[in-house]
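Subject: Handing over the structure

Hi,

Here is the structure I promised to pass on. Have a look at it first, and then read on for my notes.

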Protein chains: 2
Amino acid sequence: MDTTLLKGLNVLEAVARSRAPRGVSELARELELTKSNVHRTLQTLIAAGYVRPGSVAGTYECTLKLFEMASGVVARIDVRQLADPFMQHLARLTKETIHLSILEGMDVIYLNKIESPQPVRAYSTIGGRAPAHCVASGKALLAWQGEAVLRELPARLSSPTQRSIASRDALLEELGRVRRQGFAVNRGEWREGVGGVAAIVFDMHGMPVAAIGMSGPVERLRPASVRKYSQLVMEAALGLSRSLGYSQPGYPPLAA
Amino acid sequence: MDTTLLKGLNVLEAVARSRAPRGVSELARELELTKSNVHRTLQTLIAAGYVRPGSVAGTYECTLKLFEMASGVVARIDVRQLADPFMQHLARLTKETIHLSILEGMDVIYLNKIESPQPVRAYSTIGGRAPAHCVASGKALLAWQGEAVLRELPARLSSPTQRSIASRDALLEELGRVRRQGFAVNRGEWREGVGGVAAIVFDMHGMPVAAIGMSGPVERLRPASVRKYSQLVMEAALGLSRSLGYSQPGYPPLAA
DNA sequence: TTAGCGCGTTCCACATATTGATACGCCGTA
DNA sequence: TACGGCGTATCAATATGTGGAACGCGCTAA
C-alpha cells in the first residue's frame, strides 16, 4: 500500500471538491499534513496535469484532466452511448427531467440526464449519487438484483424523508411490487417534494445494467400521471434494452 | 516532486484508458514497471476507490469515482450550469448536434452536448478534445483571445483534412472574419464531411468563457443553412452571455 | 508608519516507505 | 505431463518522501 499515492489522491480530491481555488496552509489544516508536504504534492499534481495555479497567487485549482479521463471511462459504458435517443424521446413526451442511472453498491449514480424545460423541476447532477432504496431508478435496479446483493441490505435503512422506506423487509416487499408492475415510483422518499418513475434496462444477457426514469415535483405525479409516465418509461427502457441486444419476450428470470 | 504519486497516476490513467480490464503483467510491460510495483499500486488505487478487480480474476478496471469527482468539478463551472436551456432550444431549432466548449491551451474541450436525433450526425464525446483552429467553436474562442494566446500559435498548424487552416497567418485572417461576422464556421476542417457553426459566450466581465455551436454533415451546411444556423447560434450565445451577467450592448473590446 | 502574523515557498538531514528480485501456486497449452 | 506466464506475497536494501526551520512577502492592527 503506497501511502504517498493515497496522500496525493486525498489532496487531489480536496482540491476537486472545492468551489474556489485553495491555499497550501488551508489544505494542510484540512488534511492534517504539513505545509511543505502539501506544497510538494501540489507541484507533483501540476506536473501530472490535474491541478494548476489559481488566478490568485499561491492558490490551486483542478484542471479538466479528471473530466477528460472520466468522460472516457463513462463513454465506453455501452448503455450510456445508446441511451440518448430514448432519453430525448422520453423528455419530449414527459417534459420532466430524465435520468440514466446505474447501481454502485447501495447507491445509484446518475450517468446522464436531460433537464426538464419547466421552471420547477427536480435538481440532480451527473455523477451524483443517491441511496438506491429511496429513488425510483434505484428501486428499479434493486428489484432485479440477486440474493447476494439484497442480502447486503441492512435491516434498518436510512430515512431521508418521512416517506422513505425504512426497513429491509418493507423494501423487499416494495421490490416485489416493482417486479410485478414493471416500474418503480418515488413519492418523495429521497428529497421532500420530489418524486419519479423509472424502469429497468437489461443487456443482451438479461442482466440489469441501468435504469431509465423521469423525476419531478410530486404535485405533477398524481395517479393519472404516474400511469401515463410508467407506460412511457417502460417503453423507453424496453427500447433501450432491445438496442443493447436484449431479445427475450418479457422480463428475464430473477438473477441468482 | 513525488515520483510515487506520478507513477500511481500513470497506472490509473492506463487503466482508465483501457476498453477492457487490464492484467498486472500487461500494465507492467506498457508502463515499464515491475509486476510487484504495479500490483501494489493497484491495491492502493483499490483502497482509494478508483479501481476495482474486474470480472475476470486477476484483472483490474476503473470505478466511477473519477466520474463522480470530475462531474463535481465540471458542474461548478457556471457556464455549463446555465447553458442547458440555450442548448436545448438550439437543438430543437436546428435538429443538429449541439456543443458547449471551452478553450484549454490550443484545444477545445467539449463540456456538454446534445445529440442530434437524425441518424446521420456528427460524433463527439463529452470531455473530448479537438484542435481549436480546426473547429467552429475553437475558432469562435480563439477569435476573442488576447495577443498572449495568439502569439503561442505556431507558424505551421496541424492539417487533419485538406480544408484545415494550415498557417498562423491564414488563421489570424479567419479569426478577423469571425470577429466581424460574429460566428465561426467549420467546413470539414477537423473531420472529413463534418462541419459546424459556433458563436462566442462572454461572462459578466466581457471575457470569452465558452462557445456554443452546432455541428453536422457538411451536406446540411449549405449557404442558406449557414445563414440560418449562424443567427440561431449567435442568439443562443448572446442569451447565455446575458444569463452569465454580460450586459454590454455589443461585442466587448478585444482582450489585451 | 511599523510591527506582528500568517501566508507560500524552499531546503536538507534523516526516517521510512517503496522497490524489485524471488518464490509460490495456479492455469492453460503443447 | 511439463513448461511458461500469470497474479500474488514477501522482505532486505535503498531511494524517496518527510517535516521542521527559515525566508520573503503582504496584510492588518495599533
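Ser230(B) is buried, with a relative accessible area of 3%; buried here means under 20% relative accessible area, exposed means over 50%, and partly exposed is in between (1.4 Å probe, protein chains only). You'll find Ser230(B) in helix H9 of chain B. Leaving out residues up to four places away in sequence, Ser230(B) touches Phe183(B) and Val197(B), where a contact means heavy atoms within 4.5 Å. Helices (H or I, at least four residues) and strands (E, at least two) are DSSP runs, numbered from the N terminus.

Before going further, some housekeeping: this is a predicted model, so local features need pLDDT of at least 70 and side-chain atom pairs count only at pLDDT 80 or more, while totals for chains, interfaces and linings use all residues. Residues are numbered from 1 along each chain as its sequence is written, chains are lettered from A and ligands numbered from 1 in the order in which they are written, and side-chain values use heavy atoms, with hydrogens and water left out.

Now for chain A as a whole. It has nine helices and nine strands, and its C-alpha trace spans about 60 × 40 × 35 Å along the principal axes. Of the 256 residues in chain A, 55% are buried. Looking at contacts in chain A with a separation of 6 or more, 56% are between residues 24 or more positions apart.

Next, how the two chains meet. On each side the count is 51: 51 residues of chain A are in contact with 51 residues of chain B. Leu5(A), Leu64(A) and Phe67(A) supply 15% of the area that chain A buries against chain B, more than any other three residues.

Between chain A and chain B I count 10 salt bridges, each being a side-chain nitrogen of Lys or Arg within 4 Å of a carboxyl oxygen of Asp or Glu. One of them joins the side chains of Arg40(A) and Asp2(B), at 2.9 Å from N to O. The count of residue pairs in polar contact between chain A and chain B is 20 (both at pLDDT 80 or more). A polar contact is a pair of N or O atoms within 3.5 Å; within protein, one must be able to donate a hydrogen and the other to accept it, and residues adjacent in sequence count only if both atoms are side-chain atoms.

Which element gives the largest share of the side of chain A that touches chain B? That's H1(A), with 10 residues.

On the chain B side, take a look at helix H4 (residues 65-75), which is mostly covered: eight of its 11 residues are buried. Among them are Leu66(B), Phe67(B) and Ser71(B). Ser71(B) has a relative accessibility of 8% and touches Ile126(A) and Gly127(A), not counting residues up to four places away in sequence. Its side chain reaches the backbone oxygen of Ile126(A) at 3.3 Å.

What about rings? There are eight aromatic pairs over all chains; rings of Phe, Tyr and Trp (its six-membered ring) pair if their centres lie within 6.5 Å, and planes under 30 degrees apart count as stacked, over 60 as edge-to-face and the rest as tilted. Phe202(B) and Tyr251(B) make an edge-to-face pair, 6.0 Å centre to centre with 65° between the planes. This pair links distant parts of the chain, 49 residues apart: Phe202(B) sits in strand S8 (residues 194-202) of chain B, and Tyr251(B) in the segment after helix H9 (223-243) of chain B. Phe202(B) is buried at 2% relative accessible area, whereas Tyr251(B) is partly exposed at 41%. In chain A, ring pairs link Trp144(A), Phe202(A), Tyr246(A) and Tyr251(A) into a cluster.

Last, the cysteines. A search of the whole structure finds zero disulfides over all chains, a disulfide being a pair of cysteine sulfur atoms within 2.5 Å. For Cys62(A), the nearest cysteine sulfur is that of Cys62(B), 16 Å away. Cys62(A) is buried, at 11% relative accessible area, and Cys62(B) counts as buried at 10%.

Cheers

Terms used:
Buried area = accessible area lost by both parts, 1.4 Å probe.
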